[in-house]
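Subject: Structure handover, with notes on helix packing and strand pairing

Hi there,

Here is the structure I promised to pass on.

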Amino acid sequence: MDFEYTETQQQIRAAVRRLCAEFGVDYWRTCDEAGEYPEDFVQAMTRAGWLSALIPEEYGGSGLGLMEGCIILEEINRSGGNGAACHAQMYTMASVLNHGSEEQKRRYLPRIADGSLRLQAFGVTEPDAGSNTLKIKTFAKRRPGGGYVINGQKIWTSRYMQSHMYLLIVRTTPFEEVSRKTDGLSLFLVDIEKAGKALQARPIRTMLNHHTNEVFIDNLEVGEEDRIGEEGRGFHYLVDSLNSERLLVASESIGDGRWFIAEASRYATERQVFDRPIGQNQGIQFPISRAHMNIEAAELMRNRAAALFDRKLPCANETSMAKFLASEAAWEAGEACMTTFGGYGVASEYHVERKWKEARLFRTAPLSNNLILAQVAQHALGMPRSY
């Protein structure tokens with residue numbers, strides 16, 4: 001495996017870094033304190049074509065691979081920003097691209113690419129199902145005249161208020177009636193404005209600026225043309241989005257880790273206590289050094305998983321392990337940075353507390369790291385299934 005980035009990838013990294021420099025840490029702190037969506041940043045990323053990087057050229061995108069998408073999001077977080085504000089624009093469209101009809105691709109992908117249509121809302125999790133997607137209860141019932149009527153509830157649907165379209169996974173066959181647990185789920189692409197009062201969102205207040213919602217679905221009417229792929233195959237289509245999502249999130253964590261390490265190293269070198277730099281003390285040096293090594297290791301796993309994904313090879317274990325290693329390493333780096341800054345770490349003017357909160361999220365979402373440990377035990381090590 002080649003461990004060097006290509007010249008094109010290095011150019012992408014540099015270009016994204018330049019754009020992010022126009023939106024410094026003070027911009028992100030202002031958004032965070034006001035609870036505002038970083039609209040100007042997302043618009044700038046859209047105009048530059050970075051959010052359409054994975055869409056093929058024939059549909060208005062750049063036709064780049066997932067590795068390039070990972071680099072883009074890594075640089076956002078490495079600059080002190082928060083790629084989660086727009087990362088779904090990359091992975092939600094994977095279901096349309098890989099499993100949608102040609103008519104759906106030509107209807108939606110060019111508009112997603114030019115920014116006139118936003119697809120950032122992804123309705124998967126439900127209050128009673130949690131991470132057990134196969135046990136969701138939101139149900140699409142066929143209508144006698146064609147189409148479906150959907151009723152149910154979703155939770156942790158982020159960026160719903162900032163989206164035009166809503167990717168929704170629901171049951172079309174009751175769980176008790178399927179022969180395989182992964183059957184009976186279907187994917188729909190829903191026009192939020194057209195849905196009207198059938199979709200009602202309630203924002204969930206969280207400790208960070210994440211714009212997430214609970215969505216109530218009441219007699220939502222959708223047509224056959226709104227379904228992606230075959231009825232009952234939705235879970236299998238979802239896997240494409242989930243694998244890419246985990247790698248994109250891993251990349252954001254790598255960016256977070258590098259931001260923490262850079263800030264901690266700088267502060268430890270400059271800060272004088274007892275007439276010496278605090279970075280001269282091994283109690284400060286060692287946690288930062290350890291976090292740095294773990295971020296470097298996580299990057300290698302991310303790159304391996306992305307290479308497999310882009311070659312369309314099996315990569316479920318690798319994408320999950322990359323997400324686990326990167327999010328754990330980022331959190332370790334955040335803890336080291338917070339400790340290095342001491343009391344100043346909780347002061348918003350130093351930005352550490354904001355990034356610390358954002359880094360912590362990825363140990364839980366989009367998939368709990370405990371579930372990844374169980375997945376690796378079963379599928380990589382051949383141990384008994386634990387859930």
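First, some ground rules. This is a predicted model, in which local features need pLDDT of at least 70, side-chain atom pairs count only at pLDDT 80 or more, and totals for chains, interfaces and linings use all residues. Residues are numbered from 1 along each chain as its sequence is written, and side-chain values use heavy atoms, with hydrogens and water left out.

Helices and strands are DSSP runs numbered from the N terminus (helices: H or I, at least four residues; strands: E, at least two).

**Helix packing**

Let me begin with α11, residues 316–341. Helix α10 (residues 282–310) approaches α11 to within 8 Å between axes, and the two cross at roughly 160°. Axes here are lines fitted to C-alpha atoms, for helices over the stretch in contact, and angles run from 0 to 180 degrees between N-to-C directions. α10 and α11 are therefore roughly antiparallel (angles over 145 degrees count as roughly antiparallel, under 35 as roughly parallel, 65 to 115 as roughly perpendicular and the rest as oblique). Their crossing is left-handed, meaning that the near helix is turned anticlockwise from the far one by less than a right angle; clockwise would be right-handed. The residues of this contact divide into 17 nonpolar, 3 polar and 5 charged. For those classes, Ala, Val, Leu, Ile, Met, Phe, Trp, Tyr, Cys and Pro are nonpolar, Asp, Glu, Lys and Arg are charged, and the others, Gly among them, are polar.

α11 also packs with α9 (residues 234–270), at an angle of about 20° and with the axes 8 Å apart. That angle makes α9 roughly parallel to α11. This crossing is left-handed, and the contact residues split into 16 nonpolar, 8 polar and 5 charged.

Helix α9 has a contact with α4 (residues 66–78) as well: the axes come within 7 Å and cross at roughly 35°. The α4–α9 crossing is right-handed. On the α4 side the contact residues include L66, L73 and R78, and on the α9 side they include S244, L248 and W259. By class, the α4–α9 contact has 7 nonpolar, 5 polar and 5 charged residues.

N317 sits in helix α11. With a relative accessibility of 18%, N317 counts as buried (buried is under 20% relative accessible area, exposed over 50%, partly exposed in between, with a 1.4 Å probe and protein chains only). Leaving aside residues up to four places away in sequence, N317 touches Q375, H379 and A380, where contact means heavy atoms within 4.5 Å.

**Strand pairing**

Two strands pair if DSSP finds at least two bridges between them. Strand β7 (residues 212–222) runs antiparallel to β3 (residues 148–158), joined by 8 bridges; T212 in β7 is the bridge partner of S158. β7 also pairs with β6 (residues 199–204), again antiparallel, over 6 bridges, and P203 stands opposite N213 of β7.

Strand β5 (residues 185–191) is mostly covered, with 6 of its 7 residues buried. Antiparallel β4 (residues 165–171) is joined to β5 by 7 bridges, with M165 opposite D191. β5 pairs with β8 (residues 227–228) too, in the antiparallel sense over 2 bridges; there, L187 has I228 as its bridge partner.
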